[in-house]
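Biologist: I'd like to learn how to read a few features off a model. Could you walk me through some?

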Amino acid sequence: MTAATTPAATGIGARIRQANARMAAEDSIALRVAVAIAGVAAATAALRQGVGGGGLRLAVIVGLPAAHAISYLTRKAEGMWLKGGLAVGILIAFGVFLEAVSGIRPGVVTDVQIPLAELFLWTQLLHSLDLPSRRDLLFSLMSSLVLLAVAGVLSISMSFALHLVVWAVAGITGLVLAHQREVAVIPDRLPTTGGPDPAVRAARPIAAVLALVTVLGAFAFMLVPPAGTVRALTFPAALPSPVRVPSEGGLSNPTLGDEDPARQSDPGRPNSGKASFGYTGFSQRMDTSVRGRPDETLVMRVRASKPDFWKGQTFDTWDGRQWTLSDERFRPVRTEQPLRIPTTMGEVDGSWDELVQTFYFQRPGPNLVFAANHPRKLYFPDNAVFQLSDGTLRAGVELEEKAVYTVVSALPHATPDSLRASEPFRSTTPPGLLERYTKLDRVPERVAALARDITAGAPTAYDKVRAIEGWMAANTRYTLDIPVLPKGADAVEQFLFVDRQGFCEQIGTSLVVMLRSLGIPARLAVGYAAGERNPFTGLFEVRASDAHAWAEVWFPDVGWQGFDPTAHVPLAGLSGPRSAGAGAVSYISTHWPGVPAGLPRILFGIVGAAAVVWSVLTLVTWDRARRRRPVVSWPVAYLDRVEAEGAARGRPRRPSQTPSEYLGLLQRSVLPDPRWGRVVETVDAAAYAGAEPTEDERAHAEEVLREAAARWPAASGRR
């Protein structure tokens, strides 16, 4: 090697060593504690969503704080062996992930979510062992935010909010501590005479930014579309323990105790007694003479973009007091995931809008597969379900607490105009449908006469339905406290002409019977009303008291469409909530005890108006200040940054020092570097001779300052 090439080679080697060298060790214990708390908050949020087994839970809860402690103790070590061990650990975790996803069922994309979250947890844990510098700590903080977002996607309850608050406090604290050097010099840049304390003035921009983010976040929450308004990409399905029902295709409902239909085929079936949240309508018959309703127990959460009836089964045979199903024959549906659900009599196939619904069970219930009308695809944790002639589905396993499945329903464009144009009296009506769904073995004459009188001026079937609903809304009352049905009395006649009060079973039955007396095909459906939408999770919270019975009417171009004056559920063709925060005010009023009714709405209005006024005034003030603010030249801005770096290392610039003298001092006392000479020439020429520096000169000066800031030792004391 010649003498001419030796310096170049030496320079290249130095650059390589410099690039591979570890950055300055971070000694701030407070910063490390804040980052560790944020990491633990995000990790435990993911664990609470069912991610990881016992080993991973123990490793995260105990190992994550320990890893941060080890990282602090080894922050100044070379760490080559540690990096090698971490690389091996990550490869092992990735191998476990590949093994976990190798058996994924075709078409079930969501099966990747839990293994991927587990891989992310292991990566977060392993990476926490090697956080020597500030940059590594900030990277760990940002990766914990991603992990928190993953947990938020999996979360279905408000418990996630606690982890979010803890992470926010720890994350903001970590960011402030990580940039405390820059924050510390802000008061020195402010005038010291007049006005508030410089520290207060320095904190104002930070407070303003936080307030602006809060206001904008609240407005975005109230304005952005709700989650799930587009077709979902993930389809959750899970089953905690696959317990087969006694009879394949049969009905099972352990919440009914002795009245469980499955006990007829298996008398030895364990009986835990009737649950307070059990609904008698989820059985082989529904007796309208039974009084009493389920309690307020939360039975399921439903993720869907709009509300609908979550139907479980239907009844078509009425004897004056109780409903039964005339045909309980079934056919098994066994296909690759997702299970493709065929159409049945009365269902109209077409390219309609899809409604994706995911059901998260919070309590055990019947083996009915609840869904909005016209289910077409089912992501189910078992390999088969059983379809009855009315199109409803039953599972072959018990649906216990923590069971999850997803249904994709095809929603027709059902609007008032389309239903008026779709008459049920056409040659396209399927054979047997009118006979089955207009049949009445007995109907009191005055019930039929009342139906004719109410609908005398209604030209279409849809108008007749609305006319009867309107009459019942005006002349009957919904209540849970109704008299006992007398022996031998017809339930519909008793409701319409005697009691004039009842709950959904009496109201829905009366609507179906009066429509059938007019020759309009109708049936009674049972399931759950939509439930209350939680605007903070985006899920519908369905309680046992939402167990419901309603009328379904058949239209040739639409199929079955639900109607009920007691439940505010839109037609299939109408939209759901328009924003993520829809219903937030009413939800807070209902679920926050002690808050007077109407107060949240008033406070929201006051805060919103104040936020708008404050935002406008802030923008106007900022614009005026910007216009008055003198333009800072590049040399002045550059010197300010140099002075900030020097002051942070115990070398502040004295008032008597010129820029060149100060730069020379830094070069001699902090870090010798011959390149500072050119920087001094550039700054002097720009500041005193008015020579505008070239792009190359600026780039050179910026590079020298950047590398100096990275390598300058920390100050032994603060100014």
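Biologist: Let's start with strand β19 (residues 559–563): how many of its residues are buried?

Modeller: Keep in mind that this is a predicted model. For burial, the cut-off is under 20% relative accessible area. In β19, five of the five residues are buried, so the strand is largely enclosed by the rest of the structure.

Biologist: Which way do β18 and β19 run, and how many bridges join them?

Modeller: They run antiparallel, with five bridges joining β18 (residues 547–555) to β19.

Biologist: On to helix α22: which of its residues are buried?

Modeller: Trp-676, Val-679, Val-680, Thr-682, Val-683 and Ala-686. They cover an arc of only 165 degrees around the axis, which puts them on the same side of α22. Glu-681 and Tyr-688, on the other side, are exposed. As for length, α22 has 13 residues and reaches 18 Å from first C-alpha to last, close to the 18 Å expected. After the helix comes Gly-690, with a positive phi near 70 degrees.

Biologist: And a loop residue? Where is Thr-335 found?

Modeller: Thr-335 is in the loop between β6 and β7. Exposed means over 50% and buried under 20%, so at 36% relative accessibility Thr-335 counts as partly exposed.

Biologist: Which backbone atoms lie by a polar atom of its side chain?

Modeller: The backbone nitrogen of Arg-340, at 3.1 Å, and the backbone oxygen of Pro-338, at 3.5 Å. Along the chain, Asn-383 is 48 residues from Thr-335, yet their C-alpha atoms are separated by 7.6 Å.

Note on methods: Residues numbered from 1 in each chain as written. Predicted model: local features only at pLDDT ≥ 70, side-chain atom pairs only at ≥ 80, totals over all residues. Heavy atoms only, no water. Helix = DSSP H or I, 4+ residues; strand = E, 2+ residues; numbered from the N terminus. Expected span 1.5 Å × (residues − 1). Buried < 20%, exposed > 50% of the residue type's maximum accessible area, 1.4 Å probe, protein only. Arc of directions from axis to C-beta. Pairing = 2+ DSSP bridges. Polar contact = N/O pair within 3.5 Å; in protein donor to acceptor, adjacent residues only side chain to side chain.
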